[in-house]
Amino acid sequence: MKAIKLVTVVLLAIGLAGCGSKFKKYNGPEVTQVIVQKDERRLYLMHHNRVLKTYPVELGFAPRGHKQFEGDGKTPEGYYYIDRRNPNSKFHLSIGISYPNPTDRAFAKENEKKPGGDIFIHGRPNGNPRDKRKDWTEGCISLKNRHMEWVYAMVNNGTPIILTP
């Protein structure tokens, strides 16, 4: 009887260990675009014209307006695409946005400044998942960790992202 209980406990522990993985599996409709509505602080995962999921987000520390220069604290606006992913980010998962584009670079150069870069959609800082700050990033889009796990699973590299004011 003790052996059966032990085996049951071990199997249960193994099963529960898999539930905590940050790498989710997604088998639903393809995410054909991501929309971030900055004023609403919402991220929408779309399959053509249908909303698959929506999540609340936090933005850069100076969220109004389009990101123009390194250090301005703004989150970009416009049309970009998802261009990379980092499972070992200093934040809870991250997927990269293709900012700056050639227009962004040219504008910054005209103004003798750097456009900035490394703009991501990411979770909370590792080691501080319950951080409650509002609009705290350097220009990135932050989600709760549990939401980021689904975004990471659902959104592929090459997916268009539209960031609206």
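Hi everyone. A quick word before we look around: what you see is a predicted model.

Let's take the overall layout. Of its 165 residues, 42% count as buried. If you take contacts between residues at least 6 apart in sequence, 59% of them join residues at least 24 apart.

Now, the inside. In soluble globular proteins, nonpolar side chains tend to be buried together. Here the largest nonpolar core holds 26 residues, and those touching the most other members are L43, L45, I121, I141, V151 and I161. Which elements each supply at least two residues of this core? They are β1 (33-37), β2 (42-47), β3 (50-56), β4 (78-86), β5 (94-97), α3 (145-154) and β8 (160-164). The biggest contributor is α3, with 4 residues.

Let me zoom in on L45. Beyond its neighbours within four places in sequence, L45 contacts V31, Q33, V34, R50, V51, L52, K53, Y55, V151, M154 and V155.

My last stop is T137, in the loop between β6 (120-122) and β7 (141-142). Is T137 buried or exposed? Its relative accessibility is 2%, so T137 counts as buried, the cut-off being under 20%. The T137 side chain reaches the backbone oxygen of C140 at 2.8 Å. Setting aside residues up to four places away in sequence, T137 also touches L59, G60, F61, H122 and S142.

Conventions
Residues numbered from 1 in each chain as written. Predicted model: local features only at pLDDT ≥ 70, side-chain atom pairs only at ≥ 80, totals over all residues. Heavy atoms only, no water. Core = buried A, V, L, I, M, F, W, Y, C linked by side-chain atoms within 4.5 Å. Buried < 20%, exposed > 50% of the residue type's maximum accessible area, 1.4 Å probe, protein only. Contact = heavy atoms within 4.5 Å. Polar contact = N/O pair within 3.5 Å; in protein donor to acceptor, adjacent residues only side chain to side chain.
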